[in-house]
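Please look over the structure below before reading on.

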Amino acid sequence: MKGMVEQQQQKVVVERAEEGDKEKKKKRRSHRRSKQTPPVSGCSSVDGICGHAPAWLGNGSSLQSVMLPAESSTSKKNEAEVNASDEQGPGRASNVLFTSLPTMHITGCLASAEPSNMRDWHPSPSDMERDFLAVSSKSCPGPISYEKMSYNPPDKGFLSCHKHEEYLDTLQKKYFVPHWSVEAVNEAIEKGDVFRALFRVNAHNRLEAYCAIDGVPTDILISGVSAQNRAIEGDIVAVMLDPVAYWTRLKGSAGRSPSSVPIDDSNVLPEVMDAVGDDCKENGKMGADCEYPVCSDGLLPLDGGYNHHEKNFFTEAVHSVTETGPKNSSYGPYGSNGHLSFVSNPPNGGYASERGEAVSALGKLCTLVSSFPSKRPTGRVLAVIERSPRRDAVIGFLGVKQWLAYKEGYKKDPRGQWPKNPKNPILFSAREYIQLAPTDPRFPKMMVSVRSLPEFIQERLKKGDATVEMELVAAQIHDWKEESFLPQARVIHIFGKGGEIEPQIAAILFENAIYSANFSPESLACLPNVPWQIPEEELARRKDLRNLCTLSIDPSTATDIDDALSVERVSDDIFRVGVHIADASYFLLPDSALDVEAQFRCTSVYLLRHKIPMLPSLLSENLGSLIPGVDRLAFSIIWDINLAGDIIDHWIGHTVIRSCCRLSYEHAQGIIEGVDVEKLTTAGHGCPELHGQFEWFDVIKSVKLLHQISKMLKENRFKDGALWLDNSKLVFLFDESGMPYESILCERKDSNFLVEEFMLLANTTVAEVISRAFPDSALLRRHPEPNLRKLKDFEAFCSKHGFELDTSSSGQLHLSLQKIREKLKSDPVLFDILISYASRPMQLAAYFCTGDLSDRETEWGHYSLAVPFYTHFTSPLRRYPDIVVHRTLAAVIEAENVYLQQKRTLNGANRGSAILAPGYEIAGRCFTGLRFDKDALESKEGREALSAAAVMHNVPGTAVLAEVAARCNVRKLASKHAEEAGDKLYLWALLKKKEKLILDARVLGLGPKFMSIYIHKLAMERRIYYDEIEGLIVEWLETTSTLVLDLCTNKKFLKRGILGKCRALEDVALVINPCDLNSEQVLQDSIHDIEETQVEGATDVEAAENKPAIFDKDEPCPAVFPLTLHLLSSVPVSLHAVGGDGGPLDIGARLYLSSYRR
């Protein structure tokens, strides 16, 4: 019998039964269930197994090998609605209130809904959870195989693991409701019953997701896997809202009931792209391009038509509230039994003015949200409209070791080691799967068919090679059926060992779809051969500025020089300042092979030691780069500026320049601070080289004048309402082998602001010109106003702590923060924390086509810069939007020249054209001048000139430009994510080399189970979990928001944990004996001395000079038990590298304590 049980544990083959037998069994099961009483949980604690979500929902341990059904019939019954209030996410959610900053409530648990009887909506524990726990029961750990849903009765040994009929019911159950059809979604969107939204997942608790609906100030909470209905991070989904009675309370809202728990969405940044790649613009509807091959990937089933529509109780609630005020609903879309209720025969009446209904519904929703400011709307996903690109780029590790443990003949030896050469080779069945654990916690675990793995991986598995688990892999989700617990994925790439830098870099690029291959021969053929000289005809049509003292200021490591500056005094109170931008569009002809590839890449990506350029190095570092001493093509803007910083006039045009000097920011800063000319010109490491007829006196004079003017511009900008939120940046120093050996915290200096002010002025000037000349086809950049609710929360927090904050405008917010800065001179760390949290309500800036917002010009503005028009013009060697803007500006100049030439011909003389030395035509410019000639624009000649110039310079129309803007937004965000991941990777490598780093931290949030801390020297936040720690006593005083941690010395009262979940004290704290402090300090001093010697031969000496190092020998002293903490308390922490070989990279944080009891 024991052998039969083991055999059954390895594989269960289920054969198809007769239809009559199946009907009889259904009836027997139905009859049996109707007589059963609800199961009673045996868990005595909320942390018991019944209180936790199944491991497949998150990052917990779970079954690593499950055989999924090959196919299943469609069920009309909708089952397995998950009880969100009973699910606990992977983020160690708390069940009680937390006290924290208003934007940083740290709890992963879902708030109890109002009214309190909402907990009776779903069965507890959920069907989905029970079924998964049954399948993954440790008492029956063998792989399970399903073959076409056929059925073969198991032997009695198997019945000791699962009751046969309950198990068969598990196989046939649908765990998600079907997705609606394309037609049904479009109809519901037009009617206003359903909304199109971007789906985002809480990285700390995957059971919490949020949907951002354009125009709605508060994101919609999608609570639990069932409500999320197989949506993936980044999907565009169709979401239906629940009635108001079932909305949850917002974190930090007044009047929270004692039993409710605040929802933590503070770690899901509100910075979401406003413009997403969308082939179906009108009404946000799904079109033919959005309809995927549906049934296999669980997106838009063909049978998910209107007969699946649920009664839209939300629409009724909106109507009720907007007409008669808020009312409570008893059950909403759910019946009294807690299951979804469907309308089998929906009304078939026509819809009058459906577009108007959708707009009206959005307005009513905003009104409804405003009517309940303390509540967060909730809803559920009905369909996936557009699949996220992240579905095709999932990075993770295969759970090989636990899979191998299930295979016959492959066991650990007595020492707990895996054998290198097992006696018997491992065989695969046709339907056998290995679990894949994504490195991104926002994604669910996935199942990968062993047979679909690359052949060399299969061979290693057959030999029992457990090191396959250390390989970092890429996979794509190809199926997630209603009957499947987990999505099915296939491995498409193997990067290498997860603990090495290069495989991790490759994975970062792949995950963010960053194209890093060499440029194609066709693209390179578009460029001229070197050496290259400017053609004479090109020189003749451009303004010659080669005799102007022009210089560039860039990072010392920059290889592509986009911009240069010049300044000269026109009179006692007038300066003429020039910004000269590399004219890359001269080489990048529209629709050429190189143009197509540049548009595909969109932006250069910088990962510290790795650069993925948008343009070939021949163009970005040679032909187009403003190299000193070489004639280069430029697009220049010349301003006349008075001593008050006011713009008197400006000129825009194509030029030829010759830069005389390339300064680094350090060189420019030295000049600003008054460094001696002799010291600057002394030969040595990193000394800039001077070219042409100009002397160092000319360079130094130019830098000082530019600095003086930039200060006036900056002062005026902030007077006009600009906002500046900036923190220090972590910079790494690398040795000769390319590995980080130190990190420093860099703050921006005057030389950085000098360049920034003139680049901002250039971008603003160009934006105004192109938007006026081409009001329907200009590529601009907008920054929406911040999230009002989060901004008000931040204002309330500041008020509570004695800081006055005015959030009525960007300018008032800036002034308030500057006053707080003065007040916190003695505590700069706290001010940095406030700046960090002030940036959280801010939304991301985005490119857009003006024609898309032609009727909403008030939304064109840039909130933080406080300007009505803004674009990107100054970096064409690394940003494709700048190329588009250059072409548009060239078209404006071309049209202006044609129009003026026509006027001169008609008038017979060149009237109204004043020429100011050294030859800039400033007055009389109708389209590019300071005063825009609207009459010229509206004239027949003006319109014809602009139309012809747009064709000549390939200015995109509204539809095409909108697509370009959308792609640029996507690629810019991907670049940002990649660069952040690269910074984290190198910090991880540095900590792995150092083993540990002791730093001071500040407490941002406190609760009974974990705290959130801010490490100022790394400008980063971490979490420390202290629940279920053996030997640690945790006392949480909610009334005073105080946490007390102490060691338990009485073994009799040591916490044992629940079901072996108790963690060791070392997981949460580095506890040392005070007697060891002196010897450890001596060791640290000696290590520091050795590292100082190594720095002398490093490659980044210049950057290391006069910068505070993170790894100082003067580390903070450890805290002592009992440890008492409050909000904003200082606490020493120990940081260390986590993961790499078989797990995602992370920076772990532990409390740093000392005790004689250890």
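1. The model is predicted: local features need pLDDT of at least 70, side-chain atom pairs count only at pLDDT 80 or more, and totals for chains, interfaces and linings use all residues. Residues are numbered from 1 along each chain as its sequence is written, and side-chain values use heavy atoms, with hydrogens and water left out.

2. The chain has 30 helices and 38 strands (DSSP runs numbered from the N terminus; helices are H or I of at least four residues, strands E of at least two). Of its 1158 residues, 56% are buried (under 20% relative accessible area, 1.4 Å probe, protein chains only).

3. Helix α23 (residues 810–823) and helix α24 (residues 828–838) have axes that come within 10 Å and cross at roughly 160 degrees (axes are lines fitted to C-alpha atoms over the stretch in contact; angles run from 0 to 180 degrees between N-to-C directions). α23 and α24 are therefore roughly antiparallel (over 145 degrees). Leu-817, Ile-820 and Arg-821 of α23 meet Phe-831, Leu-834, Ile-835 and Ala-838 of α24 (contact is heavy atoms within 4.5 Å).

4. Helix α21 (residues 750–773) and helix α25 (residues 880–907) also come within 10 Å, with their axes crossing at roughly 65 degrees. On α21 the contact uses Val-766, Val-769, Ile-770 and Ala-773, and on α25 it uses Val-885, Thr-888, Leu-889 and Val-892.

Notes: Angles under 35 degrees count as roughly parallel, over 145 as roughly antiparallel, 65 to 115 as roughly perpendicular and the rest as oblique. Buried means under 20% relative accessible area, exposed over 50%, partly exposed in between (1.4 Å probe, protein chains only).
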